[in-house]
Amino acid sequence: MKRLSLFIFLLLKLSLCQALPAHSSLTFYRLGIHDGLSNNQVNSVFKDSKGYIWLGTQSGLDRFDGFRFSNFFSKTGDKSALLNDVVNDIQEDIETNLWLKTSAGYCRFNRDKGEFDSQLSSWMRARGMKGVPYFVKIDRQKNMWLAVRKQGIYYYDVRKGTAFLFSQQGKGRNVIRETVVTDIAEDNGCAVLVFDNGTLVKADGRKHRVCWVNKDLEKKNKSKFLDYSIFIDNARNLWLTYAGKTTVWSAAEHHWYDSVDAFLTSQGYQLRVKNIIVKCLKNDKYGRLWLATDHDGLLNLDPTDHHLTVYQYDSKQPESLPDNTIMSICFDNLGGLWLGSYKNGAAYCSPNNSRFRLIALGDICSVVEDQRGNLWCGTNDKGIIVYNPATGITHSFRSNQTGLGSDVVVSSTIGKDGSLWFGAFNGGLTCYKGGQFKAYRASERKEGLANDNVWALKTEENGNIVIATLGGGLQLLNPQTGHFTTYNIHNSQILSDFISSLSFDLAGNIIMGHAQEYSLLDVRTHKVKKFVRPHSGKLLSVSSVNQVFVDSRGLVWNAGSSGLSVYNPQTDSIVNVPLFGDRKAGAAYAVVEDLSHAMWVTTDQGVSHLTVRKDDGRWNFFITDYSDVDGLQRRQFNSRAILLCRNGAIVVGGQDGINILTPQSDLKLVLSSKALFSGLLVFNQPVRVGDDYNGHVILKEELHDGES
């Protein structure tokens with residue numbers, strides 16, 4: 001029998017009380033065709049009640065679960081497929097099914113069956129309505145407005161299960177004589193409908209009556225038939241976009257403004273752009289208004305101080321807005337802002353950007369903190385850069401100042417006396433103390449530095465500097481006497497003279513990481529021995545060692561090219577920890593423990609936070625993964641480039657600089673108890689509802705809707 005490899009991904013529903021920063025630059029993370037998007041023209045972005053982001057594109061419907069896209073397309077002859085690939089609008093009904101407006105009309109996505117239903121007449125008939133809707137609006141209470149040709153406008157009360165028709169015929173306050181609806185907006189529990197001749201009608205579905213009719217635009221535009229879009233903000237102003245312009249009805253003044261420019265100027269905003277055309281608008285929960293515009297980018301209006309912020313595409317800034325024409329806006333459960341653009345895919349702006357602050361210092365290979373809180377960063381090509389987190393001021397030291405033989409600084413530590421030590425690739429060792437550098441270089445003298453490739457550094461409790469070299473073994477340097485003690489394959493049982501990482505165990509012994517195994521220096525006997533597993537007597541072996549780290553529980557963490565593993569010496573067991581849902585088997589580069597004893601790991605996918613708990617004698621790991629979407633640098637992190645600062649901050653280094661993580665800040669993620677299954681893979685291929693596999697249907701309904 002064939003063995004099935006099944007991978008189930010969990011999408012945790014997160015809630016975060018954090019706002020996007022006001023009046024400041026935002027970092028936009030782009031998602032396009034190369035990320036799995038169907039098409040780079042995104043007409044609609046929608047967050048459903050389960051937390052998924054849906055994107056209606058010019059050639060398909062996409063669902064983003066936080067890790068990957070699932071794509072849905074039309075298929076000739078398949079009535080259960082998407083009606084048409086051009087998806088212009090997405091809404092969700094009371095049953096959590098999606099209503100999709102395509103260029104061929106509406107269809108409904110049945111979440112239970114994972115199928116699309118484009119035969120809506122039977123759905124209408126079952127609820128006491130006739131015909132097929134050409135326009136649908138679902139309000140916040142999930143009541144529905146459905147426009148049907150030659151019938152009128154139906155209002156469907158989902159809680160009562162009753163439908164009422166605002167007919168085109170007859171007389172009375174429940175008659176709407178206008179014919180073609182072009183858009184509907186919600187207003188205080190009612191609906192404002194705009195028709196193709198410019199007539200505006202406000203209707204109360206619960207009371208079955210028309211509240212008012214406004215024909216100002218019809219008269220102004222001389223009854224021309226136009227495609228009107230309507231938006232209503234929190235101040236109940238009406239924004240109407242048509243014929244390449246946007247006009248605004250001020251609810252406070254009962255006055256029409258012929259342009260957005262005139263309206264905003266009257267409200268005290270100073271404009272940086274002109275002739276603003278609104279494609280979409282949303283108020284966030286802090287009262288700020290976000291305008292998606294045609295050719296002018298994204299505008300943010302803050303009513304507290306009447307400040308207008310403009311976000312636009314900048315060819316020199318890869319994290320700027322992807323496009324100056326924005327089609328759609330929505331906010332996710334985390335308070336993040338999602339945008340659909342006209343030509344350049346989707347974009348996401350996270351409120352977590354301040355949590356993962358990026359300081360662009362270059363390619364950072366090591367980080368150490370001095371006694372004043374300055375961060376001394378060893379770089380891959382620019383020597384040492386000193387960064388002051390309080391002021392943002394930087395200062396650099398090159399090899400002609402440090403005495404190192406190269407500017408590739410790959411290791412660092414702080415001595416007991418506050419001195420700073422740095423190791424370089426093919427450049428030796430240097431010490432900074434009292435404003436001066438003192439360098440140590442390898443030579444033929446046996447009593448000095450054994451090798452110029454100083455790959456890792458640590459400081460013992462007695463003040464000795466522990467030096468790991470690539471080719472010269474392990475050395476202990478007494479800073480007071482300048483004496484080196486060397487352990488290599490000729491005078492000890494060390495497995496190799498090539499050492500990639502160092503850590504101390506709970507007894508203060510020195511653990512050395514080699515290519516795939518470990519050696520251990522016993523601080524009591526001053527002898528090196530092989531790190532063996534007590535039960536089997538075999539060497540503790542891993543795929544590779546980028547960094548070894550022993551935490552406060554005595555667990556041995558190994559970050560390697562095949563991921564993260566944890567060795568428990570008490571049970572002699574190894575656990576491979578799946579990060580990022582194991583969606584890609586990749587590398588782990590660095591690991592550190594924070595002040596609350598949680599672990600932070602840098603990987604080729606981003607950064608993982610692990611809460612470690614012991615249940616029934618075994619350690620369990622609860623993982624939260626972060627990526628560049630959360631504000632992390634996009635390019636690769638570097639091995640061992642991680643630091644726990646005295647204030648509890650975590651600093652991680654990579655090719656784009658350093659990210660400063662603040663696990664102790666007020667930005668705390670609160671996980672609800674519900675987890676969603678967002679996908680199922682068989683032999684690394686996605687399985688859809690109803691798919692046949694060797695005569696068996698594996699999924700009869702969507703995973704997240706099934707019983708657990």
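Residues are numbered from 1 along each chain as its sequence is written, and side-chain values use heavy atoms, with hydrogens and water left out. Since the model is predicted, local features need pLDDT of at least 70 and side-chain atom pairs count only at pLDDT 80 or more, while totals for chains, interfaces and linings use all residues.

Aromatic rings to begin with. A pair of aromatic rings is described by the distance of the centres and the angle of the planes. The rule here takes rings of Phe, Tyr and Trp (its six-membered ring) as paired if their centres lie within 6.5 Å; planes under 30 degrees apart count as stacked, over 60 as edge-to-face, and the rest as tilted. Searching the whole structure gives 33 aromatic pairs. Take Tyr228 and Tyr242: the ring centres are 4.7 Å apart and the planes are at 40°, so this pair is tilted. Tyr228 sits in the loop between helix H2 (216-220) and strand S19 (229-232), and Tyr242 in strand S20 (residues 238-242), so the pair ties together parts that are 14 residues apart in sequence. Helices (H or I, at least four residues) and strands (E, at least two) are DSSP runs, numbered from the N terminus.

Are these two tyrosines buried or exposed? Tyr228 is buried, at a relative accessible area of 0%, and Tyr242 is buried as well, at 2%. Buried means under 20% relative accessible area, exposed over 50%, and partly exposed in between (1.4 Å probe, protein chains only).

Next, Trp290 and Tyr311 form a stacked pair, with 6.3 Å centre to centre and 20° between the planes. Trp290 is in strand S24 (residues 289-293) and Tyr311 in strand S26 (residues 307-311), so that pair ties together parts 21 residues apart in sequence. Both residues, Trp290 and Tyr311, are buried. Ring pairs also link Trp376, Phe397, Phe422, Tyr432 and Phe437 into a cluster.

Two arginines lie over ring faces. The criterion is NZ of Lys or CZ of Arg within 6 Å of the ring centre and within 35 degrees of the ring normal. Arg149 lies over the face of Tyr134, 4.2 Å from the ring centre, and Arg553 over the face of Trp619, at 5.8 Å.

On to cysteines. How many disulfides are there? The count is zero, where a disulfide is a pair of cysteine sulfur atoms within 2.5 Å. For Cys211, the closest cysteine sulfur is in Cys190 at 4.5 Å, too far for a bond. Cys211 is partly exposed, at 25% relative accessibility. Cys280 has its closest cysteine sulfur in Cys330, at 9.1 Å, again too far for a bond; Cys280 is buried, at 10%.

Last, two polar residues. Glu593 lies in strand S51 (residues 588-593) and is buried, at 9% relative accessibility. Its side chain makes polar contacts with the side chains of Ser552 (2.5 Å) and His597 (2.9 Å). A polar contact is a pair of N or O atoms within 3.5 Å; within protein, one must be able to donate a hydrogen and the other to accept it, and residues adjacent in sequence count only if both atoms are side-chain atoms.

Asn88, in strand S7 (residues 87-92), is partly exposed at 32%.
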